[in-house]
Amino acid sequence: QVQLVESGGGLVQPGGSLRLSCAASGRIFSFFTIGWYRQAPGKQRELVATITSAGTTNYADSVNGRFTIAGDSAKNTVYLQMNSLKPEDTAVYYCNGRQRWGTWGSWGQGTRVTVSS
C-alpha cells in the first residue's frame with residue numbers, strides 16, 4: 001500500500017507563493033491519477049488540481065492560472081505550486097491517488113495553508 005504524505009504548508013501573505021509536496025512511499029504513478037484537494041473549516045472538501053501518469057493536468061476554475069501541478073517520477077513526488085495566493089485559498093490541503101477505474105484512497109493529515117496579513 002503506497003502512502004502519500006503532504007508537506008510545505010505555512011503562513012503566507014496575500015499575493016505570496018508556496019509549493020506543496022505530495023511524497024509517496026513507493027512509485028507515485030502506481031496511481032493513475034494524483035489529486036490535490038483542500039478543505040476550509042465548515043466547508044466541503046473540494047478538488048483543486050489533478051495530474052495523471054501521462055501528465056494530463058486539470059484545475060479548478062478558482063485556481064486556474066495561479067496554481068500548477070507537476071510530477072517528478074524520479075522523486076516519487078507531486079508538487080502544487082501556488083502563486084498569487086488569496087485569503088480564500090486558506091485551507092488544509094490534501095493529496096490522494098486512485099487507479100484508472102478505482103476510487104480515491106483514505107485521507108491523511110494534510111498540510112495547512114493560511115493566507116493572511
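This is a predicted model: local features need pLDDT of at least 70, side-chain atom pairs count only at pLDDT 80 or more; totals for chains, interfaces and linings use all residues.

Trainee: Okay, and where is Thr50 found?

Mentor: In strand E5. Setting aside neighbours within four places in sequence, Thr50 is in contact with Thr33, Ile34, Gly35, Thr56, Thr57, Asn58 and Ile69.

Trainee: Which sheet order does E5 belong to?

Mentor: An open sheet of 6 strands, ordered E2-E10-E9-E4-E5-E6, with mixed pairing. At the edges sit strand E2 (10-12) and strand E6 (57-59), each pairing on one side only. On average, neighbouring strands of this sheet are turned by 20° against each other, direction ignored.

Trainee: What holds strands of a sheet together, in general?

Mentor: Strands of a sheet pair through backbone hydrogen bonds, either parallel or antiparallel.

Trainee: So which way do E4 and E9 run?

Mentor: Antiparallel, with 7 bridges joining strand E4 (residues 33-39) to E9. If you want a spot to look at, Gln39 stands opposite Val92 in E9.

Trainee: New topic. How many disulfides are there?

Mentor: The count is 1 disulfide. Cys22 is joined to Cys95, with the sulfurs 2.1 Å apart. The two cysteines come from distant parts of the chain: Cys22 is in strand E3 (residues 18-24) and Cys95 in strand E9 (residues 91-98), 73 residues apart.

Trainee: Is that disulfide left-handed or right-handed, and why?

Mentor: Right-handed, because the torsion about the S-S bond of Cys22 and Cys95 is about 80°. Both Cys22 and Cys95 are buried, by the way.

Trainee: What else touches those cysteines? I clicked on Leu4 and wondered what Leu4 is in contact with.

Mentor: Good pick. Beyond its neighbours within four places in sequence, Leu4 is in contact with Cys22 and Cys95, and also with Ala23, Ala24, Ile28, Phe31, Ile34, Asn96 and Gly97. Leu4 belongs to strand E1 (residues 4-7), and it counts as buried because its relative accessibility is 15%.

Trainee: And how far is Leu4 from Thr77 in space?

Mentor: They are 9.0 Å apart, C-alpha to C-alpha, although 73 residues separate them in sequence.

Trainee: Now the core. How many residues has the largest nonpolar core?

Mentor: It has 27 residues, and those with the most contacts inside it are Trp36, Val78, Leu80, Met82 and Tyr93. Several elements give two or more residues to this core, including E8, E9 and strand E7 (67-72). E3 gives the most, with 4 residues.

Trainee: What does Tyr93 touch?

Mentor: Not counting residues up to four places away in sequence, its partners include Leu20, Trp36, Val48, Phe67, Leu80, Met82 and Val113. Tyr93 also touches Glu6 and Arg38.

Trainee: Last one: is Asp89 buried or exposed?

Mentor: Buried, because Asp89 has 1% relative accessibility. Asp89 lies in the loop between strand E8 (77-82) and E9.

Trainee: Which side chain does the side chain of Asp89 make a polar contact with?

Mentor: With that of Arg38, at 2.9 Å. Leaving out neighbours within four places in sequence, the residues in contact with Asp89 are Arg38, Arg66, Phe67, Ser84, Val113 and Val115.

Note on methods
Residues are numbered from 1 along each chain as its sequence is written. Side-chain values use heavy atoms; hydrogens and water are left out. Buried means under 20% relative accessible area, exposed over 50%, partly exposed in between (1.4 Å probe, protein chains only). Contact means heavy atoms within 4.5 Å. A disulfide is a pair of cysteine sulfur atoms within 2.5 Å. A polar contact is a pair of N or O atoms within 3.5 Å; within protein, one must be able to donate a hydrogen and the other to accept it, and residues adjacent in sequence count only if both atoms are side-chain atoms. Two strands pair if DSSP finds at least two bridges between them. Axes are lines fitted to C-alpha atoms, for helices over the stretch in contact, and angles run from 0 to 180 degrees between N-to-C directions. A nonpolar core is a set of buried Ala, Val, Leu, Ile, Met, Phe, Trp, Tyr and Cys residues joined through side-chain atoms within 4.5 Å.
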